[in-house]
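Student: I'd like to take a close look at one part of this model. Could you walk me through the charged pairs?

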Amino acid sequence: MKGSEFSELKAFICVAEERSFRRAAKLLRMSPSALSHTIRTLEERLGVRLLNRTTRSVATTEAGQMLLDRLVPAVKEISSAVRDAGASQAEPRGRIRINLPRIAARLLITPLLPLLRDKYPRLSLDVTIDDTVTDIVGEGFDVGIRSGELVQQDMIAVRLTPDLRMAVVGSPDYFSRCPKPLHLEDLRQHQCLTYRWDHTGVLQRWEFRGPEGAIFVNVDSTITANETDFLLDAARKGTGLAYISEQLAKPYIERGELIQVLNEWSAVFSGFHLYYVNNPYMPASLRAFIDLIKSDIAKTCTYW
């Protein structure tokens with residue numbers, strides 16, 4: 001296809017979508033008369049009328065609509081390919097806004113920062129720690145990380161981790177004073193440290209899994225906080241039992257600072273997923289960040 005022929009087709013698309021030679025000419029930075037001549041040349045070359053014109057309106061003919069329906073996706077794909085080719089030659093730069101819960105920031109993003117700095121020094125992250133479920137599009141974020149079961153269905157979601165397990169943990173000092181719980185009902189006799197959702201004030205439920213499904217235990221929450229690290233530190237100091245992510249507690253369990261109990265009842269939730277809007281015109285900076293986290297998360301994180 002000659003360059004002039006492609007220009008004629010783009011001009012036809014613009015007129016058909018705008019339904020006006022005057023508006024289309026302004027968008028194409030042409031005079032209305034030059035645009036009209038271009039469309040006549042296209043119709044003569046194809047041997048078919050594509051547009052019906054009156055003094056008040058412009059509309060596609062049946063043949064013109066058939067051509068338009070096939071041209072629009074093709075032209076968009078060509079434009080996207082040209083844009084991506086150019087973007088791939090440029091060094092990714094700019095700011096990526098990401099929304100994620102505290103545990104994901106600590107376990108997934110923090111270990112990735114040195115690699116991000118070395119590979120893309122002109123790329124910056126704007127990280128918002130948010131344990132609530134946020135509309136990332138409405139709030140202006142580029143990407144989010146959440147448990148898979150919380151990701152909106154109209155998003156592209158990429159699994160980053162295996163499923164998550166919850167754990168009941170306490171320190172050796174605490175268990176020297178209080179017997180380890182052997183059954184779920186034993187938790188009612190213990191001092192418990194419970195997470196509180198910041199925006200609603202609702203306490204996290206202590207949920208477990210039994211042969212017949214979910215089991216919820218109402219514990220005596222002697223301390224509540226909207227900060228997971230605070231609850232973890234309180235458990236390490238012997239204040240009580242904490243109900244937190246097993247991945248978060250794992251290093252302290254391995255060092256003997258915490259002891260996990262009731263393992264056989266641990267609840268399992270969908271693992272963390274990176275999610276974002278399906279955008280055919282994704283900036284090179286965002287594509288680079290997504291590709292980096294998808295390919296290197298397993299290498300940089302030792303908790304899974």
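Student: Which residue forms a salt bridge with aspartate 291, and how many Å apart are the closest N and O atoms?

Tutor: Keep in mind that this is a predicted model. The partner is arginine 287, and the closest N and O atoms of the pair are 3.4 Å apart. Both residues sit in helix α10, which covers residues 284-300, and because they are 4 residues apart there, about one helical turn separates them. As for solvent, aspartate 291 is partly exposed, with a relative accessible area of 35%, and arginine 287 is partly exposed too, at 32%.

Elsewhere, salt bridges with shared partners link Asp233, Arg236, Arg255 and Glu257 into one network. Glutamate 257 is partly exposed, with a relative accessible area of 25%, whereas arginine 255 counts as exposed at 52%.

Aspartate 126 forms a salt bridge with arginine 97, with 3.8 Å between the closest N and O atoms. Aspartate 126 itself is partly exposed, with a relative accessible area of 23%.

To put these pairs in context, the structure holds 19 salt bridges.

Terms used. Residues numbered from 1 in each chain as written. Predicted model: local features only at pLDDT ≥ 70, side-chain atom pairs only at ≥ 80, totals over all residues. Heavy atoms only, no water. Salt bridge = Lys/Arg side-chain N within 4 Å of Asp/Glu carboxyl O. Buried < 20%, exposed > 50% of the residue type's maximum accessible area, 1.4 Å probe, protein only. Helix = DSSP H or I, 4+ residues; strand = E, 2+ residues; numbered from the N terminus.
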